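Look at the sequence and the model below.

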Amino acid sequence: MTLMTLSVDSPQLGLAALEARLRQDLAWLELPAKRWMPSRTIDGQSVLDVAIIGGGMAGMAASAALNHVGIDAPIFDRAPEGYEGPWATTARMETLRSPKQLTGPALGLPALTFRAWFEAQFGAEAWEALDKIPRLQWMDYLRWYRRVLGLDIRNQHHVQAVRPRADGVVQLDIASPAGPQTVLARRVVLATGRDGLGGAYVPAFAHKLPRDRWAHSSDTTDYTALAGKRVGVIGAGASAMDSAATALEAGAASVDLLIRRDDIPRVNKGKGSGNAGLVHGHLSLPDEWKWRIRHYINTQQVPPPRGSTLRVSRHPNARFNLSCPILDVAMVGDEIHVTTPKGVFVLDFLVCSTGFRIDWTVRPEFAALAPHVRAWGDRYTPAAGQEDQELTDSPDLGAAFELQEKTPGGCPGLDRVHCFSYPAALTHGTVSGDIPAISDGAKRLAQGMAGLFYREDVETHYANIQAYAEPEVFGDEWVPAPGVQEPVQ
């Protein structure tokens, strides 16, 4: 038996064949499911079933999974069409870190995988030769994913406020190309990415410098402006390597990586947790084990990809400065002086590759939520030696990723807002922000929300059962017997 290949001489024809197969798969599976949610209006305004904030990979996977269980879930994203998420904007890696064979947001549909999309255009031999997925090619795949699933993404819609209400809806105040809008939804999903519940973590010392002399690695910085400049990069993770390499390739005179640790991490401990048991079992673990696992992975840190590190080290004007924490920074004339245990580095520009923080208060759109969201630190005290600020600040979520109140009754409707982004990892595991298990997380979200909706509307659904009157037997299928007959002698 040989496997059918979808690749042909014309990539367009190969892709057309794949799309036909996907349509057939969806039809065979009866997907998307028929709509079953009762419609609702408030003061004459239609209420959405679900509104998703963020149209990157997580937002699209969530919308697709909800559609598949019969729930409409349009997406509101502030980016122009085709530029949702970081891939074609702030990300600077050449390739993804994830192994190419991971199925990502395909939701169990083989024809929806990156591999199927790639092979349909370039063939099986090209797939075998591929090492890692190029970053911009991944963005092209996600654009295709959106198109073939017909996802409702409303671009250049900037959500300015998320307001849970006591009448069973969440109000979104939105700035759109058509002007200000108010959208009502029964539930809202925050698929806002790695920094989606806060922002970039910037060390306090950076604020001693003029704002045009430093950037965070997640900023939309014009690296061509660093040509001929002496650049410092704080950190040794993936974003640090990507930032350093981008500066070097843009013609920086030199790049000094300022690395606090004595060595660069070598082993990605997170990969050691990549199995179905943890994906499906993390949610039900005791709190102590959830914290212990996530804290261990945090403290071990994730090494930069080998390819990203080699991308930097191939430049003779790149320097890896280990055991080099920042003690102080200052402007001396027009130069940045960075004091470290290894001396003073004289620089023209500084890049902080220092990660992200969870802090609802720095996101004005979450002002109505910030005082009320229960974090893990509000109810859990870790064992001595396992203190971890990221975990302390992580939202304490319900089984369907819903937020919970710090004080019961403090914010009615808060549990109608669901966190489907990286900060959900402590409660749910890494099923909402990274490629490996994003489909599992999206299905968990969709199935959980379907259950919540059904319970909430159970009277309506019961009435629908009672009112259902489509006959399957019409009474003409038999002739009644006339009665008991005398036995034949």
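**A sheet and a cavity**

Val338 has Phe345 in β16 as its bridge partner. This is a predicted model, in which local features need pLDDT of at least 70, side-chain atom pairs count only at pLDDT 80 or more, and totals for chains, interfaces and linings use all residues. Residues are numbered from 1 along each chain as its sequence is written, and side-chain values use heavy atoms, with hydrogens and water left out.

Strand β15 (residues 335-340) is joined to β16 by five bridges, and the two run antiparallel. Strands (E, at least two residues) and helices (H or I, at least four) are DSSP runs, numbered from the N terminus. Two strands pair if DSSP finds at least two bridges between them. Strands of a sheet pair through backbone hydrogen bonds, either parallel or antiparallel.

The open sheet has three strands in the order β14-β15-β16, with antiparallel pairing. β14 (328-332) and β16 (343-347) are at the edges and have a single partner strand each, so one side of each is left without a neighbour in the sheet.

The count of cavities of 30 Å³ or more comes to one. A cavity is a set of points on a 1 Å grid over the protein atoms alone where a 1.4 Å probe fits but cannot get out, and lining residues have an atom within 4 Å of a point. Grid points are joined across faces, edges and corners, and a volume is the space filled by probe spheres set on the points. The largest cavity holds about 60 Å³ of space. Its lining includes Arg294, Ile358, Glu390 and Tyr422. α10 (389-393) and α11 (425-428) are the elements that give two or more residues to this lining.

Definitions and conventions
On a 1 Å grid over the protein atoms alone, a cavity is a set of points where a 1.4 Å probe fits but cannot get out, and a pocket is an open set with protein on both sides within 12 Å along at least five of seven lines; lining residues have an atom within 4 Å of a point.
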